[in-house]
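Subject: A structure for you to explore

Hi there,

Here is the structure I promised to pass on to you. Have a look at it first, and then read on for what turned up.

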Protein chains: 2
Amino acid sequence: MSTTGARRPDAVQLTYQRLSDRIASGDVQPGSRLKESALAEELGVSRTPVREALRRLAADGLVEVHPNRGAQVVAYTPAEVADMFTVRVTLEPQATALAVPRFDAAGLDEIEDLAEQMTRLVDDGRDLQRLGELNRRFHECFLVACGNKALAAAVTAVVRPAVVHRTFHRYSGEALERSMSHHRELVVAARAGDAEWASSVMRTHVLAARHTATVRPSAP
Amino acid sequence: MSTTGARRPDAVQLTYQRLSDRIASGDVQPGSRLKESALAEELGVSRTPVREALRRLAADGLVEVHPNRGAQVVAYTPAEVADMFTVRVTLEPQATALAVPRFDAAGLDEIEDLAEQMTRLVDDGRDLQRLGELNRRFHECFLVACGNKALAAAVTAVVRPAVVHRTFHRYSGEALERSMSHHRELVVAARAGDAEWASSVMRTHVLAARHTATVRPSAP
DNA sequence: GTGTGCCGGATTACATACAATCGTACGTGA
DNA sequence: TCACGTACGATTGTATGTAATCCGGCACAC
């Protein structure tokens, strides 16, 4: 959890972002070693911020730090990814049920806007990077609105590694359409103030995602 | 989550432990500022390991780091503590249900041993520090045995701040006895292989704890 | 042939020096 | 008297130098 609310990109923030992106895009393979000095020179910063960025990535579960041996990108098995989604299946519908009666007008507008943007994005060009970011913000809206910080923290702790590791890349066209449909239904249910409905949709949404993330993709 | 498996106390590990203890014991008040240079001099190390220890504490949710303003011990409201337990109410029974059919003989012996130790400790002298540690290990057994690392990580992320912040100090004698009784019942249910029973006991156990942690203590 | 001990290269862990940033207090002007 | 701008002090952010640690390979004994 990044507790520093840095708005301007410091060296640490920049390094963290770059490394995070590289891992997400598969630019660096899971299992590969990350050398402090090499990264520092490559990104034009000193070793100190690189060091701190690596520790933050370790706290997020993206890399493992071995004493005196440096950092290594973690590799998740399909079973572990499924486990992450299983936790989300439990927590996110609960957060949704809590969030629905607490949404204000601005919050409802925000999730509606995000849902529409994502739908357009799928119809257009399939910018998966941007789609992933919008999706993250969409789900974050529910977590923030639920008013239970601990619940939000629990989900975030579990989601980050899974979300960053090649999400959406294995979605078929049909699965992607279905996912967007869930988003839109969530907005309608939230506007209706029907917590039970919204919660159920969220549960369905995460279960479908688990299936997609777990099953071996047929066509690359 | 401490990903570095350091066995010998490095400067970072030592600093982290010391600060963690101080916060747990209430030696440093919530809201008080933690200055890197002061801590470094006090603990006889340089600022670098202090800095890293503070970031780890921030990742654990024990302190907040403000950019260019240093670290500050977080203060939880009763509502936030209740929220933490609410998440535990959801997750720990689930972990328990998964763990029961997966326990081996050694695991069952371990939780039985821990439950007995805790019971004796309550009858004897009330070493709350040690009781808290045993309790942590007891719950950890179920989280490890459940086989879902993400689930364990989610619970850990939520529990750590609450656990470190003076738990057990507000337990009455009766509540403490009841808590120990739950532990023993969990062992019996686990030995019987009854996941549903064990899960229910765990749920009761956490709900009771939430009540104790939330209600204003009558006698200090 | 296998196991053990030692040495060298590489890399991190820590210490310290310097630069940038923020908060605060004071002084000035309206 | 209050608002605003500015300068100073305190503290963190970054860079770099030094020491400790670990892994791999090789020689040697059994």
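Predicted model: local features only at pLDDT ≥ 70, side-chain atom pairs only at ≥ 80, totals over all residues.

You will find B:Asn68 in the loop between strand 2 (63-66) and strand 3 (70-73) of chain B. The backbone there is worth a look too. Most residues other than glycine have a negative phi. B:Asn68, however, has a positive phi, near 60 degrees.

Now for chain A as a whole. Chain A has 220 residues, and 36% of them count as buried. Its elements are 9 helices and 3 strands, and from the N terminus on they follow the order α-β-α-α-β-β-α-α-α-α-α-α. If you take the contacts in chain A between residues at least 6 apart in sequence, 73% of them join residues at least 24 apart.

With 22 residues at 1.5 Å a residue, helix 4 of chain A should span 32 Å. The expected span uses one less than the number of residues, so try the sum with that in mind. The end C-alpha atoms of this helix are 31 Å apart, which agrees. There is also a kink of about 30 degrees in helix 4 of chain A, at A:Val89, shortly before the proline A:Pro93.

Next, how are the two protein copies arranged? Chain A can be superposed on chain B by a rotation of 180 degrees with 0.2 Å of shift along its axis, and the RMSD is 0.3 Å. The two copies are therefore related as by a two-fold rotation axis. In chain A, the C-alpha nearest that axis belongs to A:Ala154, at 2.3 Å from it. Both copies use the same surface, as 100% of the contact residues of chain A recur in chain B.

That contact takes 28 residues from chain A and 29 residues from chain B. On the side of chain A that touches chain B, two or more residues each come from helix 3 (47-59), strand 2 (63-66), helix 4 (78-99) and helix 7 (149-164) of chain A. Helix 4 of chain A gives the most, with 8 residues. By class, this side of chain A has 15 nonpolar, 7 polar and 6 charged residues.

Finally, the DNA. Which residues come nearest to DNA strand D? Of the 17 residues around it, they are A:Asp10, A:Ala11, A:Ser46, A:Thr48 and B:Gly70. Helix 3 of chain A gives the most, with 3 residues. The surface near DNA strand D divides into 5 nonpolar, 6 polar and 6 charged residues.

Around DNA strand C there are 16 residues, and the closest are A:Gly70, B:Asp10, B:Ala11, B:Ser46 and B:Thr48. Here helix 3 of chain B gives the most to the surface, with 3 residues. The residues near DNA strand C divide into 5 nonpolar, 6 polar and 5 charged.

Enjoy exploring!

Best wishes

Note on methods:
Residues numbered from 1 in each chain as written. Chains lettered and ligands numbered in written order. Least-squares fit on C-alpha atoms with pLDDT ≥ 70 in both. Contact = placed C-beta atoms within 7 Å. Helix = DSSP H or I, 4+ residues; strand = E, 2+ residues; numbered from the N terminus. Nonpolar A, V, L, I, M, F, W, Y, C, P; charged D, E, K, R; others polar. Near = placed C-beta within 6 Å. Buried ≥ 20, exposed ≤ 12 C-beta atoms within 10 Å, placed from the backbone. Bend = angle between axes of the 7 residues up to and from the residue.
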